[in-house]
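Please read them with the structure open.

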Amino acid sequence: MYTDYQKHLETELRQIQAEGLWKKEHKITSPQITNMRISGREVLNFCSNNYLGLANYWKTTKAAAKGIEAYGYGMASVRFICGTQTIHLKLEKEISDFFGTEDTILYGSCFDANGGLFETLLDERDAVISDALNHASIIDGIRLCKAKRFRYANADMSDLEEQIKAASGCRFRLIATDAVFSMDGNAAPLDEIYRLAERYNAMIMVDESHSAGVLGKTGTGLTEVYKLKGKIEIITGTLGKALGGASGGFTTGKKEIIDLLRQRSRPYLFSNSLPPAVVAGSLKALEVIRNEDKHINNLHKNIAYFLVNIRNAGFDIKPSRSAICAVMIYDATLAHKMAEELLSEGIYVTAFCYPVVPKGEARIRIQISAQHSRSEMMTCIRALVRAGRKFKLLKSPEEN
Ligand SMILES: Cc1ncc(COP(=O)(O)O)c(C=O)c1O
């Protein structure tokens, strides 16, 4: 039975390789830091989500170790059987305070938070109106739900309005958007989305995974930028990026929504509780963000510095409002060659191509951290320019 299927898989795998779309995993032999070792070699890391540098900050690692000592290695249970410790409740409360929301529910990941959201809250009488560039976990969460699906072009408010109108016969309408779009680095116009939601009596779900700890003076994300704290019905996010960098996700928002998720959301009911080390580390990460503004201030300065210099270098980059900078290469094979060339120069970045981004829109995604020094950022830009010249990717000053 397996022989035929094996041949089918081998053909498919060969095709991925032939199209230059094969994703390689590099063997990292150091912790997650800006100066990282790959296969024993020092490289500058420009592709992690460790935006505030807390994934290896001494306070978070110490708190995580203490968490294990005090609460053990794991819970061996889902939350409602015997998997809720006082620290889980404390973390939920801290996340609510951070975002200015009524209540919070933790998940094993934000993928799970998004996966268990829509089908719990909506049914075939309802509508979800989703941005075309939303993260895969939102797309999959919506697929699991029986609500009618409407899609609007990325951050396009006239299209959103059209789609809200098209869904006018539905009982409840939920607009779903990433706060920062992970492949382009642009931010959703949440103020305009909010105005449309008010006008047409719709609700909003926003995923703050790439913006929590990054956007806003105090790092609480896009709702802070647009002064909408406490006004959005549903926020989801991850503890695996700026807010610590280990793992875990959450949904935070209106109390009744969180209450229902606790009763019915399948990834919450049928998957293990977050381990104590991660909970304790995440609690410390939130405390650090609240009490030590140097991390967010460094990040904001670094983003501004990097974006000015990369633009001046003549690359074709997507307009960014976050710590993500997409350097457009378009051709998938060339994007991979560019990433390999940069790695040979000691710069670790990732090439993204189909199916992660649309066909013909391959790119190098660069991610800035509070930990990067100016000289590290300039080393990265100089290496990019050398590789850009080699592969003829730089625009002339007139085009720039
Ligand atoms: C916008 C967005 N949502 C959700 C996720 C999933 O987060 P997690 O790693 O916690 O599952 C990601 C991760 O890449 C993301 O970028």
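1. I begin with helix α16, where Met377, Cys380, Ile381, Ala383, Leu384, Ala387 and Gly388 are buried; a residue is called buried if 20 or more other C-beta atoms lie within 10 Å of its own, exposed if 12 or fewer, and partly exposed in between, with the C-beta atoms placed from the backbone. These residues cover an arc of only 165° around the axis, and therefore lie on the same side of α16; the arc is that of the directions from the helix axis to the C-beta atoms. On the other side of α16, the exposed residues are Arg374, Ser375, Arg389 and Lys390.

2. Two remarks on conventions belong here. The model is a predicted one, in which local features need pLDDT of at least 70 and side-chain atom pairs count only at pLDDT 80 or more, whereas totals for chains, interfaces and linings use all residues. Residues are numbered from 1 along each chain as its sequence is written.

3. The length of α16 agrees with expectation, because its 17 residues (374-390) should span 24 Å at 1.5 Å a residue and its end C-alpha atoms are 24 Å apart. The expected span is 1.5 Å times one less than the number of residues in the helix, and the elements themselves are DSSP runs, numbered from the N terminus, with helices (H or I) of at least four residues and strands (E) of at least two. Just after α16, Lys392 takes a positive phi of about 55°.

4. Leaving aside neighbours within four places in sequence, Leu342 is in contact with Ile347, Val349, Ala383, Leu384 and Ala387, where contact requires C-beta atoms, placed from the backbone, within 7 Å.

5. Helix α14 can be read in the same manner. It has 19 residues and reaches 27 Å from its first C-alpha to its last, close to the 27 Å expected at 1.5 Å a residue. Its buried residues are His295, Ile296, Leu299, Asn302, Ile303, Phe306, Leu307 and Ile310; they cover an arc of only 125° around the axis, which puts them on the same side of α14. Lys294, Ala304, Val308 and Asn312 are exposed on the other side of α14. The buried residues of α14 pack against α13 (276-291), β10 and α16, and the helix is followed by Gly314, whose phi is positive, near 100°.

6. The protein chain is divided into domain 1 (20-49 + 293-390) and domain 2 (58-291), with bounds that come from an automatic or database domain assignment. The C-alpha centres of domain 1 and domain 2 lie 27 Å apart. Their contact takes 18 residues from domain 1 and 17 residues from domain 2. On the side of domain 1 that touches domain 2, the elements giving two or more residues are α14 and β10 (324-330), and that side has 10 nonpolar, 5 polar and 3 charged residues. Here Ala, Val, Leu, Ile, Met, Phe, Trp, Tyr, Cys and Pro count as nonpolar, Asp, Glu, Lys and Arg as charged, and the others, Gly among them, as polar.

7. Which residues come nearest to the ligand? Of the 14 residues around it, these are Ser109, Cys110, Phe111, Ser209 and Thr238, a residue being near if its C-beta atom, placed from the backbone, lies within 6 Å of the molecule. Helix α5 (residues 110-115) gives the most to this shell, with 3 residues. The residues of the shell around the ligand divide into 2 nonpolar, 10 polar and 2 charged.

8. Some backbone details deserve a check. A cis peptide bond joins Tyr354 and Pro355, with omega about 10°, and Pro355 lies in the loop between β12 (350-352) and β13 (362-367). Ser39, in the loop between β1 (35-38) and β2, has a positive phi of about 45° although it is not a glycine. Lys227, which is found in the loop between α10 (222-225) and β8 (234-238), has a positive phi of about 50° and is not a glycine either. Ser39 is exposed, with 9 other C-beta atoms within 10 Å, and Lys227 is exposed, with 12.

How values were computed. Two residues are in contact if their C-beta atoms, placed from the backbone, lie within 7 Å.
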